[in-house]
Amino acid sequence: MSASCAPSGPALEVVDLVKAYGDHRAVDGLSMQVATGTVLALLGPNGAGKTTTVEICEGFRRPDGGKVRVLGCDPVTDAASLRPRVGVMLQDGVGGYTGATAQELLSLFASYAANPQDPHVLLEVVGLTEASGTAVKRLSGGQQQRLSLALALVGRPELVFLDEPTAGMDPQSRHGTWDLIRALRADGVSVVLTTHFLDEAEQLADDVVVIDQGRVVAQGSPAELTRSGAEGQIRFRAVPALPVHDLLTALPPGCTAVETEPGRYLITGDVTPDLLATLTVWCATQQVLARDLTVERRTLEDVFLELTGRGLRP
């Protein structure tokens, strides 16, 4: 290990990272950490700086400013010692080895590792046993994604970068990949996940970093991000023109109550059993029945769109 590698600390540490292309700062003072044995989801719209950030962490690009430490090492100057410890699943899948079979390609990558996983076992784990003798170019898009995942894991990495790991997969393969990522975390492997599937990030991530225009605009656990602002919503139907102002005085502080259209009502706030009880008691005092009452909560997608906008990105 290089003398510049710290023996302990977070699996990934990024401090005030800057990367510019001409006058454009693709990454503009970005900071984040990945604790050992956790999954971090890096989210952002197209052009937000996700790919550039990840490529710098992987050692494929040099930063213009700031500090990056991967497993305590500099990803550029310590690349040789880091390479066996890090797995990378690239967006373009398996690269140029399209003439090889899935088994041949995975065995080739296993030969580079000091303590590889058994390629036959790993092919079974990612559901490619029956396709092991198929040329890579004849695999479906989802199968190539699963093979790319196996290639990233065959060397038993301590930290793995997964770039859109379930793109093109069918629902069964997608959920199988989720289970595999959970198993990696249980084994102490650290994971950096980029994805456009917000439900995927909500299901898998211990921490989420949302970036836009090269900067962090939000970070925290999925629960923390979805709890901020309007923690939950209650919708119900009743007779029109209920005295909403009176209802608001009965509700706990921080709640809002509006009639969104005649006979339809929306309560926002920290949805608790006490809040529901207060609402139903108030309705009883008004001699009305709250019909079609539903309890909803903000999703990570709601938070993402609030932070980055709903307009299309190039």
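Student: How are H3 and H5 oriented to each other, roughly parallel or roughly antiparallel?

Tutor: In this predicted model, helix H3, which spans residues 102–111, packs with helix H5, residues 141–153, at an angle of about 20°, and their axes are 9 Å apart. Angles under 35 degrees count as roughly parallel. The two helices H3 and H5 are therefore roughly parallel.

Student: Which strands stand at the edges of the open sheet?

Tutor: The open sheet is formed by three strands with antiparallel pairing, and their order is E2-E1-E4. A strand with a single partner strand has one side left without a neighbour in the sheet, so the strands at the edges are E2 (24–34) and E4 (65–70).

Student: How many bridges join strand E1 to E2?

Tutor: Strand E1 covers residues 12–21 and runs antiparallel to E2. Within this pairing, Val-14 stands opposite Met-32 in E2. The number of bridges that join E1 to E2 is eight.

Student: At what angle to E1 does helix H1 run?

Tutor: Helix H1 is made of residues 50–57 and lies across E1, E2 and E4, the strands that form the open sheet. Relative to E1, the direction of H1 is at about 120°.

Definitions and conventions: Residues numbered from 1 in each chain as written. Predicted model: local features only at pLDDT ≥ 70, side-chain atom pairs only at ≥ 80, totals over all residues. Heavy atoms only, no water. Axes fitted to C-alpha atoms, helices over the stretch in contact; angles between N-to-C directions. Helix = DSSP H or I, 4+ residues; strand = E, 2+ residues; numbered from the N terminus. Parallel < 35°, antiparallel > 145°, perpendicular 65-115°, else oblique. Pairing = 2+ DSSP bridges. Contact = heavy atoms within 4.5 Å.
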